[in-house]
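This report covers a ligand site and the pockets of one model. Look over the sequence and structure first.

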Amino acid sequence: MERTLSIIKPDGVQRNLVGTIVGRFESEGFRIAGMKRLWLSKKEAEAFYAMHKDRPFFDSLTSYMSSGPVVVMVLEGPNAIQRNRDIMGDTNPAQAAEGTIRKEYGLDVEKNTVHGSDKPETAAKEIAFFFSELELM
Ligand code: ATP
Ligand code: MG
């Protein structure tokens with residue numbers, strides 16, 4: 001079984017979309033192996049998104065990601081990484097396919113409601129960033 005890290009970003013938590021989005025993941029057949037709600041500091045957001053540190057949107061993105069609580073989850077299932085990205089849709093909600101989470105709920109290319117790991121190495125790192133082995137079951 002593959003695992004991926006999912007985050008409901010501050011715009012999703014603020015608009016009371018946690019239950020809706022978690023329900024969507026469950027109805028898609030994912031098992032939730034771990035879940036918590038937390039508020040990232042700016043430094044923690046910068047560490048999480050370190051791979052984007054040279055991108056022009058880095059400061060804005062990390063300010064946004066530390067602007068309010070998020071919900072982080074480990075989703076488990078066959079092909080979880082790619083399937084989660086298919087369900088999320090394109091980074092830019094305006095370009096996301098019908099029926100995807102970002103199409104339905106995303107506000108703009110930054111406030112796009114959810115994050116999902118993009119490949120196995122990233123998923124392992126991102127899961128370890130938020131969860132210890134004991135917290136995953
Ligand atoms: P994520 O990593 O959050 O799952 P992604 O893999 O689809 O999204 P990335 O290219 O990794 O997209 O960008 C990470 C995040 O940075 C995006 O989800 C979005 O919040 C923000 N972002 C990406 N591109 C832009 C942009 N052009 N302007 C502002 N913010 C952006
Ligand atoms: Mg990404």
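The model is predicted, with local features needing pLDDT of at least 70, side-chain atom pairs counting only at pLDDT 80 or more, and totals for chains, interfaces and linings using all residues. Residues are numbered from 1 along each chain as its sequence is written, chains are lettered from A and ligands numbered from 1 in the order in which they are written, and side-chain values use heavy atoms, with hydrogens and water left out.

**Ligand contacts**

The table lists polar contacts (a pair of N or O atoms within 3.5 Å).

| Residue | Polar atom of the residue | Distance to an oxygen atom of ligand 1 |
|---|---|---|
| E110 | backbone | 2.8 Å |
| G116 | backbone | 3.0 Å |

On its own, ligand 1 has 570 Å² of accessible area (Shrake-Rupley method, 1.4 Å probe), and the protein covers 81% of that area. The shell holds 14 residues (a heavy atom within 4 Å). K9, H52, T91, E110 and H115 come nearest to ligand 1. By class, the shell has four nonpolar, five polar and five charged residues. Here Ala, Val, Leu, Ile, Met, Phe, Trp, Tyr, Cys and Pro count as nonpolar, Asp, Glu, Lys and Arg as charged, and the others, Gly among them, as polar.

**Largest pocket**

Ligand 1 takes the space of the largest pocket. A pocket is an open set of points on a 1 Å grid over the protein atoms alone, where a 1.4 Å probe fits, with protein on both sides within 12 Å along at least five of seven lines; lining residues have an atom within 4 Å of a point. A molecule sits in a pocket if more than half of its atoms lie within 2 Å of its grid points. Strand 4 gives the most, with three residues. The lining splits into seven nonpolar, seven polar and seven charged residues.

**Second largest pocket**

This pocket has a volume of about 190 Å³. Its lining includes A47, F48, D118 and K125. Helix 7 gives the most to that lining, with five residues.

Definitions and conventions
Polar contact = N/O pair within 3.5 Å; in protein donor to acceptor, adjacent residues only side chain to side chain. Helix = DSSP H or I, 4+ residues; strand = E, 2+ residues; numbered from the N terminus. Points joined across faces, edges and corners; volume = space filled by probe spheres on them.
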